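Let's take a friendly walk through this model together. Have the sequence and the 3D view open as you read.

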2 protein chains.
Amino acid sequence: MKTPSKQAYVPFVSVANMMKIVLHIGIERVMADLVQEIEADFRRWGKFDKTPRVASHSDVGVIELMPTSDGETYGFKYVNGHPSNMKKGLQTVTAFGLLASVDTGYPILLSEMTILTALRTAATSAMAAKWLAPKGARVMALIGNGAQAEFQALAFKAICGIDEVRFYDIDPAATAKCVANLQGRGIKLTACKTPEAAIEGAQIITTVTADKQLATILTDNMVGSGVHINGVGGDCPGKTELHRDILLRSSIFVEYPAQTRVEGEIQQLDADHPVTELWQVITGELAGRTSAAQVTLFDSVGFAIEDFSALRYIHSKLAETGMCEQLDIVADPDDPRDLFGMLLRSA
Amino acid sequence: MKTPSKQAYVPFVSVANMMKIVLHIGIERVMADLVQEIEADFRRWGKFDKTPRVASHSDVGVIELMPTSDGETYGFKYVNGHPSNMKKGLQTVTAFGLLASVDTGYPILLSEMTILTALRTAATSAMAAKWLAPKGARVMALIGNGAQAEFQALAFKAICGIDEVRFYDIDPAATAKCVANLQGRGIKLTACKTPEAAIEGAQIITTVTADKQLATILTDNMVGSGVHINGVGGDCPGKTELHRDILLRSSIFVEYPAQTRVEGEIQQLDADHPVTELWQVITGELAGRTSAAQVTLFDSVGFAIEDFSALRYIHSKLAETGMCEQLDIVADPDDPRDLFGMLLRSA
């Protein structure tokens with residue numbers, strides 16, 4: 001059989017290679033780089049084709065496609081969300097993604113994105129907090145100590161200077177896992193027995209639980225004035241974490257309103273409830289935090305542009321690290337009209 | 001580094017393995033099998049989540065995601081359409097696709113689909129003709145002799161009993177390629193110098209040209225009574241092949257109206273122009289051809305369920321043929337909550 005042409009091959013970053021790339025660069029450095037990449041793309045928000053993700057819901061979870069394009073490069077992510085997976089020993093969220101040339105439609109990168117999504121989600125949270133959290137914040141409460149938790153802790157350390165994280169989870173084993181994994185990284189790690197204890201003295205409260213239900217992880221009386229809430233786990237219709245009263249007294253910041261109004265905490269509010277788009281804060285068009293007493297909420301659901309930024313970042317590291325394989329996924333006959341002939345001659 | 005768990009691996013069908021599978025089974029047999037699979041899925045149309053494909057258009061082409069689900073299995077295809085690629089030595093259409101378990105969201109198959117799309121497009125055309133073409137049709141005109149042409153010819157031979165194909169292309173080299181590739185397969189192959197010559201004596205007319213423009217491959221006076229038109233190339237907004245007058249005197253059959261009204265030949269007609277859904281003909285709910293003089297038109301644009309059927313077919317062949325690789329694309333730590341720990345321990 002003839003060897004496929006060079007164009008037939010697409011660089012592929014496996015899970016093993018993604019872990020190598022991240023450890024080679026350093027996790028906190030990757031977080032800082034990702035914030036830079038995502039901010040740069042948020043600054044040119046108008047250049048992107050934007051659409052709410054295309055979701056296929058079932059009783060137990062959701063499978064989503066998240067496409068976007070800046071006119072030169074197209075990207076999309078496949079991602080699932082299945083809270084019941086954990087009991088089966090499976091990941092709640094797994095993902096992979098692709099970049100392609102808009103000019104030819106040919107893929108230029110296929111990559112695992114379970115790990116990359118964990119990184120970009122944490123980086124986006126820390127980026128938002130950089131613009132919204134009270135000045136001099138040092139202590140973060142981290143409620144929900146699952147697969148995303150350590151990534152959040154490290155991102156807030158690297159980007160926002162958080163040096164104490166107070167953990168709470170309904171399962172103490174999850175908290176113990178986080179505390180063990182984060183030893184020796186320059187963060188004071190405090191395991192708490194109640195959510196109330198976790199938020200004591202915290203200027204930032206991160207909620208990142210996984211149940212697909214309308215939950216109330218935070219009630220109104222738990223949220224003092226001046227805090228920043230990083231609400232990560234409410235990211236699906238019928239899946240929220242915060243009591244509605246908290247939303248009513250917060251300044252709410254979102255990624256892409258058309259998506260967040262369906263999936264985020266603000267699905268609990270009227271469709272015209274005022275929210276600020278994060279990119280407008282980053283460009284300076286609109287204000288972020290305007291007073292010390294203000295409660296700010298980043299209603300994070302995850303948007304396609306963040307995945308695009310993350311994929312482009314990984315793509316930019318391939319030449320330097322060589323940490324990828326070549327995948328024979330594009331049929332590329334010598335004569336482009338002779339696909340059938342290529343098939344025949346492969347015999 | 002620890003070896004990834006079994007769940008971390010997804011069977012991957014490369015271009016090389018797809019060609020092996022197709023040649024192992026036999027091209028005409030694959031066509032017949034695909035018609036059976038697609039018909040079976042069209043018969044249970046109501047079971048599927050259906051949405052028009054999500055398209056990202058540019059000046060030179062389109063990149064599309066085509067998802068669907070039957071409640072047990074989820075599938076999607078990535079596909080581009082770039083007519084200008086041919087001049088660069090690239091394929092107009094390349095594609096890959098995925099199947100996943102709805103219960104867990106975990107992928108169960110990743111496959112090249114450039115070749116598989118060529119096969120399923122031809123199989124769908126022949127399936128439609130089986131229900132719509134005049135009885136005893138033996139001669140097909142094939143206008144547009146690019147990458148899809150030979151697949152169409154073989155599908156119509158295998159499914160509809162076509163034994164003469166009359167070829168026309170504005171580039172005689174494309175016609176010569178088809179005639180050379182199809183030698184010895186029991187089809188009379190006639191190269192024609194004009195489209196008028198090609199349709200002489202043909203009961204079926206297939207148009208499968210690629211230009212992204214409102215073209216007129218067939219004018220009204222070229223189409224005699226009683227023929228079946230298989231219009232394949234008009235599959236994008238602003239990309240059609242048939243004169244509007246032909247549409248006005250044809251009985252029009254489509255895959256999924258919400259998509260075809262935007263992308264197909266019928267984008268030239270009023271939004272409420274009557275069309276029949278092909279699945280309703282297959283289930284017997286509605287009539288297909290009702291008279292010998294009727295002009296029938298299958299306005300083919302390609303729908304996600306056809307890709308789903310094709311992917312499931314390939315998936316069903318993997319155990320028997322072993323013609324796939326295992327791709328490390330799902331991060332699957334022993335403790336599903338310990339994604340960060342897996343990353344740390346990979347060092």
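Predicted model: local features only at pLDDT ≥ 70, side-chain atom pairs only at ≥ 80, totals over all residues.

## A pair of facing residues

Stepping back, β8 and β9 belong to an open sheet of 8 strands in chain A with parallel pairing. If you trace across it, the order is β9-β8-β7-β10-β12-β16-β14-β15. At the edges you will find β9 (188-191) and β15 (276-277) of chain A, each of which pairs on one side only.

## Two domains in chain A

Chain A splits into two domains. Domain 1 is built from two stretches, 6-115 and 305-345, while domain 2 runs over 126-302. Taken over C-alpha atoms, the centres of these domains of chain A are 26 Å apart.

Where do the domains meet? In chain A, 19 residues of domain 1 are in contact with 21 residues of domain 2. On the domain 1 side, helix α2 of chain A (residues 27-43) gives the most, with 9 residues. That side of domain 1 is made up of 10 nonpolar, 3 polar and 6 charged residues.

## How the two chains come together

Now for the interface between the chains: 69 residues of chain B are in contact with 69 residues of chain A. On the chain B side, these comprise 37 nonpolar, 22 polar and 10 charged residues.

How are the copies arranged? Chain B is superposed on chain A by a rotation of 180° with 0.0 Å of shift along its axis, at an RMSD of 0.0 Å. The two copies are therefore related as by a two-fold rotation axis. Both copies use the same surface, since 100% of the contact residues of chain B recur in chain A.

## The nonpolar core

In soluble globular proteins, nonpolar side chains tend to be buried together. Here, the largest nonpolar core holds 228 residues. Which of its residues touch the most other members? They are Met31(A) and Met31(B).

To see what surrounds one of them, look at Met31(B). Beyond its neighbours within four places in sequence, Met31(B) is in contact with Leu119(B), Ala122(B), Ala123(B) and Ala126(B), and also with Leu154(B), Ala155(B), Ala158(B) and Ile159(B).

Definitions and conventions. Residues numbered from 1 in each chain as written. Chains lettered and ligands numbered in written order. Core = buried A, V, L, I, M, F, W, Y, C linked by C-beta atoms within 7 Å. Buried ≥ 20, exposed ≤ 12 C-beta atoms within 10 Å, placed from the backbone. Contact = placed C-beta atoms within 7 Å. Domains from an automatic or database assignment. Helix = DSSP H or I, 4+ residues; strand = E, 2+ residues; numbered from the N terminus. Nonpolar A, V, L, I, M, F, W, Y, C, P; charged D, E, K, R; others polar. Least-squares fit on C-alpha atoms with pLDDT ≥ 70 in both. Pairing = 2+ DSSP bridges.
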